[in-house]
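Open the structure in your viewer and keep the selection tool ready. We will go stop by stop.

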Amino acid sequence: MVSTKQPGNRFHFTLAKCLVAAAAALVIPMFAAQSPKAEEEAIAFVDESADFSRVFSKTSNIAVSNSSPERYGGDASRFYKTTGAEAYLVYEAPDPNVYRIGGFDVETWYNKNGSGVTPGDMSFEVSPDNVVYTPFTGFTKLVSDAPLVGGWGKVNWKASSVPAGTKYVKIIFGDTSLHPSSWAIQIGKTTLYALDNSRQSLQELIAASQALLDGAASGENPGQYPPSAVASFGEAIRSARAVADDPASDRTALQAAYRDLSEARASFENAVIVALNWSESAAIEKTSSSLHHIAIAWPSVVEANRYANVVYHVYKNGAEAAAVTGTTYTFAGLKPQTEYEFSVVASAGSLRSRALGPAVLATDDVGPVPAPDFSLIDADDFADEDYIAPQVWVNDNRGIPYYFAHFHKVANAVRLDEPHRGFIDIVVHRNPKDNGPYNARVQENHLWLAYFYTRQASWNLYYGMPEVKYRLEAVLEHLLTLQSPEGAFSEYGWQQYNLPGTSFAVQFLGQTMRLLNEAKAANPDFPSIDAELYDRVVEAIGKAIRHTLNDPSFWNQGTSFTNQYTLMWSATAAYLAYHPDTAIEAKMRERFTQSADAFLSPAGFYYENAGFDMGYNLGVHAQNMMADYYYFKDTDLEAEWIAKESKFIEWLSYNLVLEPDGSHFTSNAAASGRTASSHIERKDFPFAEKLPLARAFVKTREEVAAEIARAKADIVKNGVWPNVPALSLNGENSYNPYALYNRILYRYYPSESEKAAAVRLLPYIASDRFNHQRNDDRSGLQFTYVRRPDYYAAFNAGPRKASQQSFGLGLLWHPEGGIMLSSQTEHTTAALSRGLSWGTRKTTNVRVYESGNMAPTYKVNGQPIQPAVGHGDLPQGNMKIRYDLGTAGDKNVVFVEKGVSVDVRHEEEFEENVPLTIAPGDIVTVNPGIVTVTRGNAVLEIVFDADAEAAMEPMGFKIYDYRIHMLKLKTSGELHYTITMKTLKSGAE
């Protein structure tokens with residue numbers, strides 16, 4: 001069947017000779033319904049569930065999923081329920097005046113969970129008018145016998161006929177209350193079969209038109225119709241009836257007759273005589289306007305002198321605004337640069353005129369937000385704190401001057417005209433492909449608008465500036481349009497509501513409202529945003545918080561993607577600070593306590609993608625913790641919160657290794673399931689004030705002072721003021737509201753001595769000998785740490801749940817040389833490779849075996865070790881880890897006193913990849929059977945079988961000042977190599 005797009009329709013149509021005999025072969029109806037005549041031609045219209053453009057109406061708790069199409073027979077877009085509440089979609093016949101629905105086929109995917117639970121059956125209702133719906137049971141359920149993929153199987157719901165006159169079908173999702181996930185039913189494709197309804201539609205229109213004509217009075221008085229109009233309408237009805245009664249009339253003739261009669265009816269209805277009339281030249285005119293008002297004037301009706309007490313009803317956007325006796329009116333309190341529709345209806349007692357208008361008129365345009373004039377500003381005008389860069393992104397030195405210099409570009413990108421007034425239409429935040437007006441997350445930069453609008457400083461021309469205020473109001477107005485009736489916000493498409501769209505919306509809204517409240521408290525004359533808008537934003541935040549805290553599907557999502565939920569503690573606290581609500585507070589406390597076990601792995605990391613991800617743990621979670629501490633500090637929740645975060649900081653202490661010069665930490669991150677993360681310099685952990693170990697990762701007061709001095713020196717350079725980077729238009733973190741958190745939240749910096757004491761607590765510095773494991777039961781991930789006097793190593797294993805994960809030897813660190821080996825995550829596409837992972841690669845394969853599932857066995861001094869959920873030290877001694885290389889061989893990795901011994905057995909040709917971190921001053925020698933890296937007194941020596949072909953390849957990947965060089969050892973059969981770490985005595989050659 002050939003699919004074509006029909007003009008004016010929401011559906012792709014497929015023309016087919018769908019005879020009843022063929023259609024009936026698909027299903028056996030469960031009750032008698034009128035079937036189409038055998039000679040009728042049906043039109044199949046198909047919705048592939050890519051978006052909601054083909055859906056007539058739906059409940060708000062339905063979204064589109066594009067994930068894991070391999071589980072759904074290759075179907076890359078599907079509708080699913082976002083909550084457990086009732087959910088349905090309504091489809092309309094492509095043109096209900098022409099077609100009726102004759103049957104349907106709904107392709108769904110059902111999930112069977114680990115306990116064998118599947119959701120309830122779909123149900124259907126039909127309607128001729130979208131008013132009265134009747135349950136429909138004349139369908140057949142067809143369950144595919146194909147094997148389940150990831151628990152998913154296909155179920156079709158088919159009906160070859162539906163009741164006569166059906167023009168709307170309601171598709172109701174089955175009950176998911178017994179299944180742990182509301183998304184356990186997904187609709188992949190809906191096909192509706194439409195039948196020609198032209199003759200019946202025309203007959204119905206003829207009957208309605210005749211009834212209208214029969215009830216109309218002919219004459220020349222108000223309320224009557226001119227005899228000529230009556231005669232013309234009657235003739236139109238007769239002409240239409242002749243076409244309808246003629247068996248030879250085809251679809252084209254019937255549809256043309258329908259259009260002609262519709263036009264005739266509209267003309268007749270408009271011909272009714274009224275007592276009050278406007279002159280032919282009458283019009284509504286704008287007499288004056290400003291940003292917030294429009295004054296209009298109109299002429300009197302022709303009969304104004306004939307009737308006493310003529311009143312003019314003035315309408316704005318279809319709603320009556322006032323009734324006046326004069327012919328002018330001023331609308332106040334309007335939005336700037338906004339179009340409104342105005343109309344006027346005259347009345348005298350029960351007599352009324354036709355509407356004059358509508359006239360589309362606009363308030364005055366808002367002027368642009370000006371660029372700052374830096375000739376009027378000195379570098380010392382900024383506070384020292386303004387030069388402190390946020391520790392959100394690596395190598396980011398942008399302070400407030402950068403954001404101030406580019407603020408006008410972001411502010412002026414706010415749309416002040418329709419469509420989508422208030423959308424921040426510039427690609428400086430979030431992924432460019434998601435930078436659409438449907439995305440609540442793009443709107444998060446309202447926090448920057450609020451910041452500069454409320455910041456009192458000599459250099460800040462934007463404080464209280466009307467042009468900024470109007471744009472902030474527009475951004476907030478648009479954001480409110482993206483909220484569902486239940487309280488959720490959309491992210492990846494219109495009405496595609498989800499947890500992150502909602503939780504991040506309330507987080508940043510809470511801080512925007514806080515800044516506005518603080519500005520008003522500091523200056524009672526501060527011109528805050530419109531009071532009615534303020535109340536609506538507060539109401540929206542409260543609704544979103546209630547929904548997020550109470551909705552089971554959002555909670556379930558949060559247990560797998562915890563960064564999307566942990567921010568709810570501070571978001572809720574920000575709301576409660578100004579709007580106390582005992583029910584919300586009680587629920588927040590309940591969820592907060594539950595999260596200690598549900599969100600934090602026994603190993604110590606926060607779950608991301610139901611596993612581990614260093615980037616999110618160090619990125620979004622760090623920002624969430626900053627906000628949490630701001631609100632929980634010195635409250636009754638502080639101790640519980642600190643106890644929970646101490647487990648996370650302890651996890652970091654094993655997985656972030658510090659360079660001897662203190663410049664940065666290298667991450668043990670190759671097993672990450674969402675992002676790539678190689679290193680950090682420092683993090684903003686204000687709770688280090690109460691948690692000493694966390695001080696190892698933060699800037700000291702002395703470092704902050706040096707950073708401020710350096711930033712001040714750099715901000716004016718070579719005659720350039722301000723010397724800041726250009727504004728990149730590639731989205732992501734070019735202009736991100738998280739950069740404000742170190743400015744508007746609590747800051748804490750330890751002294752050098754306090755930090756040094758914390759560094760001494762890091763396990764690989766506190767001790768020079770241990771075997772330690774951290775294991776997670778939910779993801780199956782296992783992390784092993786080995787410390788010996790000359791090295792520290794991390795080894796990762798487990799089932800691969802994301803294409804980018806890579807296991808095996810994660811890092812090797814030397815106490816004087818720092819990081820010597822670092823494995824990285826793989827490419828997010830399974831068929832591609834970044835070539836940065838440690839491990840064994842069959843030469844005909846793209847990736848190392850370690851980028852797949854890895855289930856090793858462990859021994860210490862020859863005694864088997866069974867990984868235990870949680871964390872703890874293992875017995876002392878040589879640690880041996882053995883695992884299979886697919887079905888082609890096996891590998892033994894033994895951590896001994898001076899280093900690592902590796903034995904590979906693989907019959908076919910293979911290549912061993914060893915990612916070494918090489919600094920500019922390192923001495924690297926590559927000789928047959930041996931590779932040596934010398935860095936000061938630290939020496940890494942790799943000795944391997946002489947018949948292995950060795951090559952050292954510099955990679956285009958850097959960790960701080962180190963570049964990864966991949967040592968490749970090619971051989972076949974077997975390979976034995978050792979990585980020895982040692983420390984030269986001072987002055988030794």
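Among contacts in the chain between residues at least 6 apart in sequence, what percentage join residues at least 24 apart? The figure is 69%. Keep in mind that this is a predicted model.

**Stop 1: the whole chain**

Show the whole chain as a cartoon. The chain has 20 helices and 44 strands. Its C-alpha atoms fill a box of roughly 120 × 75 × 50 Å along the principal axes. The chain exposes about 39,600 Å². Carbon and sulfur atoms supply 51% of that area. Of the 989 residues in the chain, 56% are buried.

**Stop 2: helices H3 and H4**

Two packed helices are described by the angle between their axes and the distance between the axes. Select residues 227-245 for H3 and residues 251-270 for H4. What is the angle between these two helices? They pack at about 165°, with their axes 9 Å apart. Angles over 145 degrees count as roughly antiparallel, so H3 is roughly antiparallel to H4. The crossing of H3 and H4 is left-handed.

Show the side chains where they meet. H3 brings Ala229, Val230, Phe233, Ala236, Ile237, Ala240, Val243 and Ala244. H4 brings Ala253, Leu254, Ala257, Leu261, Ala264, Arg265 and Phe268. The residues of this contact of H3 with H4 divide into 14 nonpolar, no polar and 1 charged.

**Stop 3: Phe233**

Zoom in on Phe233, which sits in helix H3. Is Phe233 buried or exposed? Buried means under 20% relative accessible area. Phe233 has 2% relative accessibility, so it counts as buried.

Look at what surrounds this side chain. Leaving out residues up to four places away in sequence, Phe233 touches Ser209, Leu212, Leu213, Leu261, Ala264, Arg265 and Phe268.

Now draw a distance from Phe233 to Gln507. They are 274 residues apart along the chain. Their C-alpha atoms are separated by 61 Å. Follow that line to Gln507 for the next stop.

**Stop 4: helices H8 and H12**

Gln507 belongs to H8 and takes part in its meeting with H12. Select residues 499-522 for H8 and residues 568-578 for H12. Their axes come within 9 Å and cross at roughly 35°. The crossing of H8 and H12 is left-handed.

On the H8 side, select Ser503, Val506, Gln507, Gly510, Gln511, Arg514, Asn517 and Glu518. On the H12 side, select Met568, Ser570, Ala571, Ala574 and Tyr578. The residues of this contact of H8 with H12 divide into 5 nonpolar, 6 polar and 2 charged.

Stay on H12. How many of its 11 residues are buried? The count is 9, so H12 is largely enclosed by the rest of the structure. The buried residues of H12 are Met568, Trp569, Ser570, Ala571, Thr572, Ala573, Ala574, Tyr575 and Leu576. What covers them includes these helices:

- H8 and H9 (531-550)
- H11 (563-566) and H13 (582-598)
- H15 (620-632) and H16 (638-655)

**Stop 5: helices H7 and H9**

The crossing of H7 and H9 is left-handed.

Glu473, Leu476, Glu477 and Leu480 of H7 make the contact with Leu533, Arg536, Val537 and Ala540 of H9. By class, the contact of H7 with H9 has 5 nonpolar, no polar and 3 charged residues.

**Stop 6: backbone details**

Most residues other than glycine have a negative phi, and most peptide bonds are trans. Now visit some exceptions.

Select Gly357 and Pro358. A cis peptide bond joins them, with omega about 5°. Pro358 lies in strand E22, residues 356-362.

Next, go to Glu418 and Pro419. The peptide bond between them is cis, with omega near 5°. Pro419 is in the loop between helix H5 (400-411) and helix H6 (446-454).

Move to Asn395, in the loop between E22 and H5. Its phi is near 60°, a positive value. Asn395 has 54% relative accessibility, so it counts as exposed.

Finish at Asn861. Where is Asn861? It is in the loop between strand E34 (857-860) and strand E35 (863-865). The phi of Asn861 is near 50°, also positive.

Note on methods:
Residues numbered from 1 in each chain as written. Predicted model: local features only at pLDDT ≥ 70, side-chain atom pairs only at ≥ 80, totals over all residues. Heavy atoms only, no water. Axes fitted to C-alpha atoms, helices over the stretch in contact; angles between N-to-C directions. Helix = DSSP H or I, 4+ residues; strand = E, 2+ residues; numbered from the N terminus. Parallel < 35°, antiparallel > 145°, perpendicular 65-115°, else oblique. Left-handed = near helix turned anticlockwise from the far one by under 90°. Contact = heavy atoms within 4.5 Å. Nonpolar A, V, L, I, M, F, W, Y, C, P; charged D, E, K, R; others polar. Buried < 20%, exposed > 50% of the residue type's maximum accessible area, 1.4 Å probe, protein only. Areas by Shrake-Rupley, 256 points an atom, 1.4 Å probe, with all protein chains shown as cover.
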